[in-house]
Amino acid sequence: MLSVLVFLPLVVAGLLLVLPASAAWARWVFVVTTLVEVVLAAVLWADYRSPGPESLAFDQQVDWIPDIGVSYHVGLDGLSLPLVVMTTVVFAACAVFALRDQHRPRTQAALFLALETTCLGLFAAADLVLFFVFFDLSIVGMYLSLHGWGHGERRRSALLFFLYTFLGSLALLLGFVGLYVASDPHTFDMVALAADPPLQGSGTAGALVLAAVLLGLAVKTPTVPFHTWLPPAHTDAPAIGSAVLAAVLLKMGTYGFVRIGMPMLPEAWRAWAVPLIVIGLLSIFWGALVALVQSNFKRMVAYTSVNHMGYVVLAVGAAGVVGGSSAEDRSTAVSGAVTQMVSHGLLTGALFLLAGVMWTRRESYHLAGYGGLARHAPGFAVLLVVAALGSFGLPGLSGFVAELQIFAGSIPVVPAVATGLLGILLMTAVLLRAVQQVLTGPVGALSEAFADVRPHEWLPVAVLLALSIGLGLAPQPFLDVVGPAADTVAELVAR
């Protein structure tokens, strides 16, 4: 079932390209396939039982390049299953949102279905080479989306995105080869490497391998100072491209922290813990402060992603500070990091789809050009307000649960991380300022005759926000899945 979930979109993408299909037919195939993916992911969630240490649920392994220990190995645990489900929901939301797109819809549908396979494959991968293959193919898919369906300086933004993230992937590959060389027997199997970390006691060698892994993941996350590719990529990307980039692709970096860095290089991770906390705090404040001065709505949302990913880096850094901390605190921090990944995917995906509505109507994200939009587009206004409230962590939405866990787990370990709470205050100012500028006050030139959201626009956004509210009001079923895996990571990093 797991492999079907991963590769079904790719198979449909191939059929879309080789079979004659009208634009309308292609768009509905895109929608139906992504909805089937949501159903398959829901079935996996219903059948999921925590697999325990050193094992994965839905485990499948077939030799691929046995001479160097490479296999097609996939499986899920409480770290990856929530991201797999979130990925299928985000792609389904994007497929519905794109129902009216007129620019090469068949090719666009095929591209995004192929991109969905790379995203699901990465979260399911249990082999470093398989992880790297999906990691790199996702870069190609997003580059083509930016280049082919973007606007503004899309070619420059696509090139910048590709060069940054591809260079990061090369650093990641270097780190993976380092793990392979140090393992005995040599292997790329992620379960084996987590069970028996190969560079324990190696000192500098382990620190250098982790540095390479962190560099590759930090670029993709992105964290300060490796974030400069993100604002132009988001600004010039199509709406569904921005939604997938923010909601799913950024999580490949943060997911790598908890899936690869912490369990496979625990000693080096502990040595890097304080620098990671500092980088997390820098990302929190830099992202919020720069977002505060943006006049472009989409660039502003892009910088809020830098801020939100900073909380994840802060949490995984704090989880690496073992001396004087309890396993429960470290586990809470890791659980908060995973919750933040999912929450950010839902809320920021919604914000970028709403930005797409603005572009569709006026081809402008200029905040000062709008104003008083709530009078013309009350449906749009309600969705934007809910997304903004969730994004700065209002209780009752998923962002609050994530941030509460992150700080509840991190502050007992490193009290100084409490300064990061000021980032929430700054983010509140950022989002309320944007909401006020767009929705209230005198009616701006761009708000005149602004048509309210249509069903194919409000439905996907409403679903993303409803899931965020559900996670905010009743988080325990979600945390019951994440918790055991977070406990395992907290124990592994303390070895």
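These legends describe close-up views of a predicted model. Residues are numbered from 1 along each chain as its sequence is written. Local features need pLDDT of at least 70 and side-chain atom pairs pLDDT 80 or more, while totals for chains, interfaces and linings use all residues; side-chain values use heavy atoms, with hydrogens and water left out.

**View 1. Confidence along the chain.** The chain averages a pLDDT of 92, where pLDDT is the predictor's confidence in each residue, from 0 to 100. A score of at least 70 is reached by 100% of the residues. Among the elements, helix α3 (residues 81-97) has the highest mean, 97. Helix α9 (residues 230-236) has the lowest, 87. Helices (H or I, at least four residues) and strands (E, at least two) are DSSP runs, numbered from the N terminus.

**View 2. The Phe 7 and Tyr 72 ring pair.** The structure holds 16 aromatic pairs. Rings of Phe, Tyr and Trp (its six-membered ring) pair if their centres lie within 6.5 Å; planes under 30 degrees apart count as stacked, over 60 as edge-to-face and the rest as tilted. Here the ring centres of Phe 7 and Tyr 72 are 6.1 Å apart and the planes stand at 45 degrees, so the pair is tilted. Phe 7 sits in helix α1 (residues 2-18) and Tyr 72 in strand β2 (residues 70-76), 65 residues apart. Phe 7 is partly exposed, at 28% relative accessible area. Tyr 72 is buried, at 18%. Buried means under 20% relative accessible area, exposed over 50%, and partly exposed in between (1.4 Å probe, protein chains only). Phe 7 and Tyr 72 form one aromatic cluster with Phe 134.

**View 3. Tyr 143 against Phe 162.** The centres of these two rings, Tyr 143 and Phe 162, lie 5.4 Å apart. Their planes are at 65 degrees, so the pair is edge-to-face. The pair links helix α5 (residues 128-149), which holds Tyr 143, to helix α6 (residues 154-182), which holds Phe 162. The two residues are 19 apart in the chain. Tyr 143 is partly exposed, with 23% relative accessibility. Phe 162 is partly exposed too, with 24%.

**View 4. Charges over rings.** Arg 104 lies over the face of Trp 149, 4.5 Å from the ring centre. Lys 220 lies over the face of Phe 135, at 4.0 Å. The rule asks for NZ of Lys or CZ of Arg within 6 Å of the ring centre and within 35 degrees of the ring normal.

**View 5. Salt bridge Asp 77 to Arg 259.** A salt bridge is a side-chain nitrogen of Lys or Arg within 4 Å of a carboxyl oxygen of Asp or Glu. The count is 2 salt bridges. In this view, the side chains of Asp 77 and Arg 259 meet at 2.5 Å, N to O. Asp 77 lies in the loop between β2 and α3, and Arg 259 in helix α10 (residues 239-264), so the pair ties together parts 182 residues apart in sequence. Both Asp 77 and Arg 259 are buried.

**View 6. Salt bridge Glu 457 to Arg 361.** The closest N and O atoms of Glu 457 and Arg 361 are 2.7 Å apart. Glu 457 belongs to helix α18 (residues 455-473) and Arg 361 to helix α13 (residues 327-362), 96 residues apart. Both Glu 457 and Arg 361 are buried.
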